[in-house]
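Dear colleague,

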Amino acid sequence: MRRRHLLLVLFALAAACASPAVKPPPPKLGPVAPPPTAAPAPAPTPAPEAPPVGPVTPPVVSGDMIFDAWAAEFYGRALKAGIARDLLDREMAGLTPDPRVASRDSRQPEFSQPISVYIKGAVTDGTAAIGGRKRGEVAQLPDIEQRFGVPREILIAIWARESGFGAIQGNFDVIRAMASLAAQGRRRDWAEGELISALRIIGSGEATRAQLKGSWAGAMGQTQFTPSSYLATAVDGDGDGKRDIWGSPADALASAASLLSKGGWVRGQSWAREVTVPADFDFSMSEGPKLTPDAWAALGVTRADGLPWTDADKTAEAQLLAPAGAMGPVFLLFPNHFVIRKYNNSVAYALAVGLLADRIAGEGPLVKPWPAEAPLSLTDRMTAQRALIALGFSPGTPDGVVGMGTRTALRAWQKSRGVTADGYLSPAMVEKLKAETSAAQSAPTPAPAGS
Ligand code: CA
């Protein structure tokens with residue numbers, strides 16, 4: 001029963017992952033490669049001793065014309081990048097596109113998950129309890145913390161998010177996944193770079209092809225490193241001289257600490273703090289200026305737990321964020337929040353990691369609970385973006401992704417209409433935008449923006 005419960009928790013953790021911990025841009029609609037036709041894998045050509053002369057014929061005959069045409073061109077680029085011919089011949093032989101990769105890369109969620117739902121799924125008592133136990137199990141954690149300056153709870157929380165403490169690392173063949181993404185074309189340069197990095201890892205002997213398993217987007221091991229991140233950033237954490245992010249928790253956690261340290265982690269500073277704001281607070285300052293805690297205090301912003309700011313935090317410039325709008329919890333984001341986003345550039349991800357780390361460290365739940373949030377359909381999100389454009393504001397291309405551009409435009413529109421300018425797209429805001437645009441369309445002359 002206990003094991004079954006743990007598995008369910010781990011499955012829930014993995015299911016709650018909003019996006020893989022990789023550096024590519026978020027998936028958008030793109031062309032889907034046709035499914036591959038079954039073709040027998042040709043035998044690898046024998047490796048020549050000397051560099052090849054004349055045109056190169058790669059041993060890739062998948063039957064998928066787009067894939068094979070890409071592979072033929074990639075072969076030349078990989079040789080130029082210094083990948084050995086025999087290695088290329090061996091690893092590319094019989095390669096076919098993975099249709100699961102194409103379908104996942106083109107998936108656009110019909111309903112966006114509200115941030116509170118994502119965070120409540122990630123920051124649970126059960127996960128915090130497992131994290132607390134894991135903190136005691138990895139003997140090297142104090143050394144890793146000392147070496148890189150990143151709190152062990154942050155590393156444990158990343159481990160939980162990325163792979164359910166190592167349980168779910170992904171079973172895609174990273175070479176095939178990266179080749180499939182490269183052939184598809186939308187992220188070709190990125191995917192080819194990762195493919196070449198993966199080939200270099202095999203060439204170096206640090207990992208075998210069979211070990212190079214990961215997510216569909218190429219994130220590998222217990223802390224989900226892309227091949228290029230692995231080459232540049234992974235470190236040995238258990239002292240055996242190897243960087244085994246798949247099998248060694250200490251190596252995976254030290255590598256995560258290395259990545260955050262290189263990203264600018266400030267030793268001794270908070271990642272964020274929940275704050276309270278005055279009733280008449282101007283929410284248009286959210287995601288805006290970066291001010292010291294003292295400057296925020298002058299605007300009436302104080303720590304929600306009532307404690308004073310530490311000396312280390314007092315020196316930092318922090319940005320205010322109200323992720324669920326004025327009705328939800330408000331945070332001051334310290335520079336370390338933005339360092340976590342180098343792992344996965346998502347506000348929700350960074351908040352989930354930080355809040356889970358706080359809970360593992362023994363802190364209580366948020367002072368202000370998350371409000372009830374309704375999911376918005378893709379149509380609603382795009383309608384709101386088109387309405388903002390029609391009303392003279394600039395959310396960017398209407399793509400259904402409520403990012404920084406949409407939130408900034410929404411705040412400007414809210415402020416001009418005398419509404420709480422929290423940049424939060426609620427169903428009520430969608431309706432208000434719809435009503436205003438239909439009124440503008442029926443009016444003889446549309447009102448100018450900002451009036
Ligand atoms: Ca090691």
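Glu363 and Arg273 form a salt bridge (a side-chain nitrogen of Lys or Arg within 4 Å of a carboxyl oxygen of Asp or Glu), with their closest N and O atoms 3.4 Å apart. The pair joins distant parts of the chain, 90 residues apart: Glu363 lies in the loop between α16 (347-360) and α17 (378-390), and Arg273 in strand β3 (residues 272-276). Helices (H or I, at least four residues) and strands (E, at least two) are DSSP runs, numbered from the N terminus. Arg273 is buried, at 17% relative accessible area, whereas Glu363 is partly exposed, at 32%. Buried means under 20% relative accessible area, exposed over 50%, and partly exposed in between (1.4 Å probe, protein chains only).

This is a predicted model, in which local features need pLDDT of at least 70 and side-chain atom pairs count only at pLDDT 80 or more, while totals for chains, interfaces and linings use all residues. Residues are numbered from 1 along each chain as its sequence is written, and side-chain values use heavy atoms, with hydrogens and water left out.

Arg411 and Glu287 also meet in a salt bridge, at 3.1 Å from N to O. These two residues are 124 residues apart in the chain; Arg411 is buried at 6%, and Glu287 is buried at 12%. In total, the structure holds 21 salt bridges.

Yours sincerely
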